[in-house]
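Subject: Structure handover

Hi,

Here is the structure for you to take over. My notes on the helix packing and the ligand site follow below.

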Amino acid sequence: MRIQSHPILDFQQRKKLAFSFNAQPLVGEQGDTIASALHAAGITTLTHSVRYDSPRGFFCGIGKCSSCLMRVNGIPNVRTCIAPLHEGIRVETQGTYAGLPDAEFQTHSKTTIRVDVLVVGAGPAGLCAAVEAASQGATVLLVDENPSVGGQLIKQTHKFFGSKKERAGTRGIHIATELEGELRGLEQQGHVRVMTEATVIGCYERRAEHHRFGVVQREQYTSYLYDVQCRAAIIACGAMENMVLFPGNDLPGVYGAGAVQTLMNVYGVKPGNRVLMVGAGNVGLIVSYQLLQAGIAVDRVVEAAPIIGGYHVHAAKLRRCGVPIHTSHSIKEVLGDDKVQGAVVVALDEHWRPKPGSEERITCDTICLAVGLTPSTRLLAQIGAHQSFIPEAGGTVAVHDQHMQTSIKGVYVAGDASGIEEASTAMIEGKIAGLAAAVSLGRTKNQKLLSQYHRDLEQLRAGPFGEKPRIAKTKITQLAEVPHARV
Ligand SMILES: Cc1cc2nc3c(=O)[nH]c(=O)nc-3n(C[C@H](O)[C@H](O)[C@H](O)COP(=O)(O)OP(=O)(O)OC[C@H]3O[C@@H](n4cnc5c(N)ncnc54)[C@H](O)[C@@H]3O)c2cc1C
């Protein structure tokens, strides 16, 4: 299932790594995660559901769902979609009850790290927040649970829209490299410390002078628990893929669009050979085109709404390649017992109800769901930040003021975690949060730059495609003005 040739990406032969899966010897490649190596070897059932014992496969690809939990070297519940493959590891499917770790598993606690600013998540928002705060003289710790920094950018091979200032016209993968370059420069100067394969698990103390967070960093048999004391925290932990309800939606072969992108564009592995794309927003259209670039057939795109939600330039490109886009259509069910072998699609009436008799069976081995994202706010909820359901922001979000500060003093939010939008706006929100944190800590007084960032953000949100986020952010910042205790 490895991609052999690609118009943009170069998947050179990487070093081979031997490992075992349920005692069967397999070979993956350096740079793979465990799940991508299994996929490349044709193994798509990674776990079984606790209740019905039905097979489950890779779904989100960014460590946010539970569809890839496996036992690795005797450690249960490893998120194999983000755990790097290492030579000689023992990978096993785990039973309904994951069991305890083998005896050699160890946790070392508690190294204390003291910094001015903790940034959670190294996507475009977190990278910009870390660079901005460090450039203004704050000491920064940037933590991400993925093996590399860049968040969603590392899989986006298309050229970005937006403003030239926010790198429009540059491919997402190159924006990630540029931002990482800035970060590593500051790291070399000692202003930033970067921790990858590390998860911020919670906030355990909130005080006027500092907050204390727990961070767990993994290294094969060992986990290290850090006690991070920071004067400000910026939560930029992105979003989670949405799901659609239909029979068979948990079978291996049903993926979120981000997971399909991750497999193809980061690891060079095909998710399947023939895809039904569900959703004709920008993500559905862009990922369909990227599937074609990877040599994978797209049977069609179905879209429940009567109109295409994404940019027409992307839709036109797909149609030129012979991929039909059916609006007012959706998926009714998946065909197949233990993996996707086809699907039934159906036309919808003006009330979005299936039209009887319009069902059509199609043959495909992959269903790709591009049906939107929901902000990741679990950490913010755990911290106790005031939250509100804002449909235009994609779900429940932490209420924040225009400087991205939540209801908790010194805790900021930025990017998709603060409302679903785009990488370009995520970058500016990150800069605002980073700068506002540095200002509040007395590291800088650069109010002029802060105003400039606010103007940049306003400009990016101008126009019809910015309408939803404009409404969302107006509601959120108005709520922030409602008096509630800022702790
Ligand atoms: C197919 C597709 C195409 C897109 N095209 C465009 C485009 O053309 N232009 C554009 O502007 N935008 C585009 N976007 C949107 C853009 O990618 C996102 O809006 C952007 O990545 C959001 O940035 P972020 O930093 O908020 O989150 P993310 O990029 O999702 O980064 C969040 C990071 O936080 C980490 N994390 C989460 N929780 C924790 C924790 N507890 N501890 C440690 N780390 C944690 C995650 O590992 C992740 O790396 C596209 C998105 C998709 C899916």
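A helix axis here is a line fitted to C-alpha atoms over the stretch in contact, and angles run from 0 to 180 degrees between N-to-C directions. Keep in mind that this is a predicted model.

**Helices α8 and α9**

Helix α8 covers residues 423-440, and helix α9 covers residues 447-461. Their axes come within 10 Å and cross at roughly 160°. Angles over 145 degrees count as roughly antiparallel, so α8 and α9 are roughly antiparallel to each other. The crossing of α8 past α9 is left-handed. On the α8 side, the contact is made by Ser424, Thr425, Ile428, Glu429, Lys431, Ile432, Leu435, Ala436 and Val439. On the α9 side, it is made by Gln447, Leu449, Leu450, Tyr453, His454, Asp456, Leu457, Leu460 and Arg461. By class, the contact of α8 with α9 holds ten nonpolar, four polar and four charged residues.

**Helices α4 and α5**

Helix α4 spans residues 257-266. Its axis and that of α5 come within 10 Å and cross at roughly 25°. Angles under 35 degrees count as roughly parallel, so α4 and α5 are roughly parallel to each other. α4 passes α5 in a left-handed crossing. From α4, the residues in contact are Ala257, Val260, Gln261, Met264 and Asn265. They meet Val283, Val287, Gln290 and Leu291 of α5. This contact of α4 with α5 has six nonpolar residues, three polar ones and no charged ones.

**Helices α5 and α6**

α5 runs over residues 282-293, and α6 over residues 312-320. The two axes come within 9 Å and cross at roughly 35°. The crossing of α5 and α6 is left-handed. Asn282, Leu285, Ile286, Ser288, Tyr289 and Leu292 are the α5 residues in contact. Their partners in α6 are His314, Ala315, Lys317 and Leu318. Six nonpolar, three polar and one charged residues make up the contact of α5 with α6.

**Ligand site**

How many residues surround the ligand? There are 31, and the closest are Asp144, Asn146, Gln152, Asp416 and Ala423.

- Asn146: a side-chain N or O atom is 2.6 Å from an oxygen atom of the ligand.
- Ala423: a backbone N or O atom lies 2.8 Å from an oxygen atom of the ligand.
- His158: a polar side-chain atom lies 2.9 Å from an oxygen atom of the ligand.

Best wishes

How values were computed. Residues numbered from 1 in each chain as written. Predicted model: local features only at pLDDT ≥ 70, side-chain atom pairs only at ≥ 80, totals over all residues. Heavy atoms only, no water. Helix = DSSP H or I, 4+ residues; strand = E, 2+ residues; numbered from the N terminus. Left-handed = near helix turned anticlockwise from the far one by under 90°. Contact = heavy atoms within 4.5 Å. Nonpolar A, V, L, I, M, F, W, Y, C, P; charged D, E, K, R; others polar. Parallel < 35°, antiparallel > 145°, perpendicular 65-115°, else oblique. Near = heavy atom within 4 Å. Polar contact = N/O pair within 3.5 Å; in protein donor to acceptor, adjacent residues only side chain to side chain.
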